[in-house]
Amino acid sequence: MIGYGAIGAIVHAVLRAGEVPGTEAAGILTRSGDSPQALDSVEALAEASDLVVEAAGHDALRAHGPAVVASGVDLLVVSVGALTDDALHDRLRGAGQGRLLLSAGALGGLDLLGAARLAGPFERVALRTTKPPAVLARPWMDERVRARLERGDERVVVFGGPAREAARAFPESVNVAATLALATVGLDALEVEVVADPDADLVEHLVTVEAAAGAYEFRIRNRPSPENPRTSAVTAYSVLRALQARHAPEVVGA
């Protein structure tokens with residue numbers, strides 16, 4: 001695994017406890033080397049693994065992802081927003097025999113949307129993400145917008161635009177925008193709105209889809225991670241579900 005933060009620590013603990021049959025933790029690569037089962041290079045990690053989980057952010061995926069795939073090892077990506085960089089995405093897809101697997105993360109409904117994509121074109125796909133103001137404030141924002149977020153007494157739309165720009169603007173918070181876009185209409189066609197709401201106790205993703213196969217609306221409300229409020233707590237368990245499905249004798253929702 002690459003990374004040992006809010007996501008990686010949970011994934012590692014569950015694997016070490018033997019709770020995912022057929023899957024064991026082989027090692028962890030971090031910048032500091034301060035983790036259990038620490039390894040000192042991506043080459044050592046790839047050699048010890050038949051699948052590597054990336055759970056360390058966009059920069060880590062850029063730095064280590066291509067080497068993992070080039071070694072013939074599958075790579076499960078959590079930081080899907082990094083793939084808004086087309087050059088990186090192409091490099092990962094063409095690096096070698098390892099497969100590129102994109103985690104569903106905090107998003108649901110991708111199985112249905114994948115089926116709908118096969119049935120015919122999408123007419124419109126939109127995402128509205130709502131989070132508490134404190135986790136959305138960014139240095140690049142207009143001073144007046146930042147002041148409104150700091151006051152935390154009103155609902156503020158902090159972004160409106162395509163998924164490619166949303167994932168770049170909020171790299172720790174809106175990976176779901178990139179995931180949804182890649183599963184449906186693409187990074188430049190998915191409409192994204194990011195809202196700061198002082199009354200939001202949960203992280204909400206509202207997905208609206210109009211397609212040849214039907215019309216869909218998913219309202220997903222996740223608890224934020226206690227260790228990192230910019231990440232949904234369920235994200236680590238989404239990774240574990242993907243690992244579980246690799247060896248499970250029965251998979252529901254395949």
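Asp197 is buried, with 14% relative accessible area, where the cut-off for a buried residue is under 20%. The model in which this is seen is a predicted one. Asp197 belongs to the loop that runs between strands E6 and E7. Its side chain reaches back to the backbone nitrogen of Asp199, at 2.9 Å. Beyond residues up to four places away in sequence, Asp197 touches Thr130, Lys131, Pro132, Pro133 and Arg155. One of these, Pro133, is 64 residues away along the chain, yet the C-alpha atoms of Asp197 and Pro133 are separated by 6.0 Å.

Thr130, another residue touched by Asp197, lies in strand E4. With a relative accessibility of 5%, Thr130 also counts as buried. Setting aside residues up to four places away in sequence, Thr130 touches Arg155, Val195, Asp197, Ala200, Leu202, Val203 and Glu204.

The strands named so far can now be placed in their sheet. Five strands form an open sheet, and their order across it is E5-E6-E4-E7-E8. The pairing in this sheet is mixed. Strand E5 (156-162) and strand E8 (214-222) stand at the edges; each has a single partner strand, so one side of each is left without a neighbour in the sheet. On average, neighbouring strands of the sheet are turned by 10° against each other, direction ignored.

Strands of a sheet pair through backbone hydrogen bonds, in either a parallel or an antiparallel way.

Two helices pack on this sheet. Helix H5 (residues 110-119) touches strand E4 (122-131), strand E7 (203-211) and E8. The direction of H5 makes about 160° with that of E8. Helix H8 (residues 175-183) touches E4, E6 and E7, and its direction makes about 170° with that of E4.

Strand E7 also holds His205. In the UniProt entry, which is unreviewed, His205 carries the annotation "active site". Is His205 buried or exposed in the model? Its relative accessibility is 2%, so His205 counts as buried. Leaving aside neighbours within four places in sequence, His205 is in contact with Ala106, Leu127, Arg128, Thr129, Val176, Phe218, Arg219, Ile220 and Asn222. With one of them, Thr129, there is a polar contact of 2.9 Å between the side chains.

The last step is to the chain as a whole. The domain assignment gives domain 1 (6-105 + 234-247) and domain 2 (110-222). The C-alpha centres of domain 1 and domain 2 lie 24 Å apart. In the contact between them, 14 residues come from domain 1 and 12 residues from domain 2.

A further annotation in the unreviewed UniProt entry, "domain: Aspartate/homoserine dehydrogenase NAD-binding", covers residues 3-95. This span is 42% helix and 9% strand, and its end C-alpha atoms lie 21 Å apart.

Notes:
Residues are numbered from 1 along each chain as its sequence is written. This is a predicted model: local features need pLDDT of at least 70, side-chain atom pairs count only at pLDDT 80 or more; totals for chains, interfaces and linings use all residues. Side-chain values use heavy atoms; hydrogens and water are left out. Two strands pair if DSSP finds at least two bridges between them. Helices (H or I, at least four residues) and strands (E, at least two) are DSSP runs, numbered from the N terminus. Axes are lines fitted to C-alpha atoms, for helices over the stretch in contact, and angles run from 0 to 180 degrees between N-to-C directions. Contact means heavy atoms within 4.5 Å. UniProt positions are given in the numbering used here, feature names are shortened, and annotations may be inferred rather than shown by experiment. Buried means under 20% relative accessible area, exposed over 50%, partly exposed in between (1.4 Å probe, protein chains only). A polar contact is a pair of N or O atoms within 3.5 Å; within protein, one must be able to donate a hydrogen and the other to accept it, and residues adjacent in sequence count only if both atoms are side-chain atoms. Domain bounds come from an automatic or database domain assignment.
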